[in-house]
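Biologist: I would like to learn how to read a model like this one. Where do we begin?

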Amino acid sequence: MKKIRIALLLAALGFSGLVIYQNMGYLLTPASLRMNLWVIDPFYSNGIINAQLILGAFFAGLLISYFYGLSFRFKNNKIIKSLNATLNSQTETITALKSELSKYQGPTPQQDPPQSEVPVENT
């Protein structure tokens, strides 16, 4: 299984390297961006290449998804803590009820441990 995983990883890296190599002309082309805020003069950027834009959008998406998932992790941790507290209180209640039940039942008779049977030889 480990060899298959390594082979798939190498195949994916090779394929992505091939895609990057074949599109090198597009990735190195400079992009001219203009941002018009209607309050101040438009902002122009001429020094950004397409590869930087793609990587920037990718990392911005990673950060957004991380912070979006972070709130769910905090909520889940809070729920897990409350459920663990409930579990601990119920466990304490069960042990208290078992000890109370054992008081009312009295001592249980001790049983002899099972004895192993010794085969008898016929003569």
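Modeller: With confidence. The protein chain averages a pLDDT (the predictor's confidence in each residue, from 0 to 100) of 88, and 85% of the residues score at least 70. This is a predicted model: local features need pLDDT of at least 70, side-chain atom pairs count only at pLDDT 80 or more, and totals for chains, interfaces and linings use all residues. Residues are numbered from 1 along each chain as its sequence is written, and side-chain values use heavy atoms, without hydrogens and water.

Biologist: Where in the protein chain is confidence lowest, and where highest?

Modeller: Where pLDDT is low, the predicted coordinates should not be read in detail. Here strand β2 (residues 43-49) is lowest, at a mean of 84, and α1 is highest, at 96. Helices (H or I, at least four residues) and strands (E, at least two) are DSSP runs, numbered from the N terminus.

Biologist: Is asparagine 50 buried or exposed?

Modeller: Buried means under 20% relative accessible area, exposed over 50%, partly exposed in between (1.4 Å probe, protein chains only). Asparagine 50 has 11% relative accessibility, so this residue counts as buried. Asparagine 50 sits in helix α3.

Biologist: Which residues does asparagine 50 touch?

Modeller: Contact means heavy atoms within 4.5 Å. Leaving out residues up to four places away in sequence, asparagine 50 touches Tyr26, Leu27, Thr29 and Ala31.
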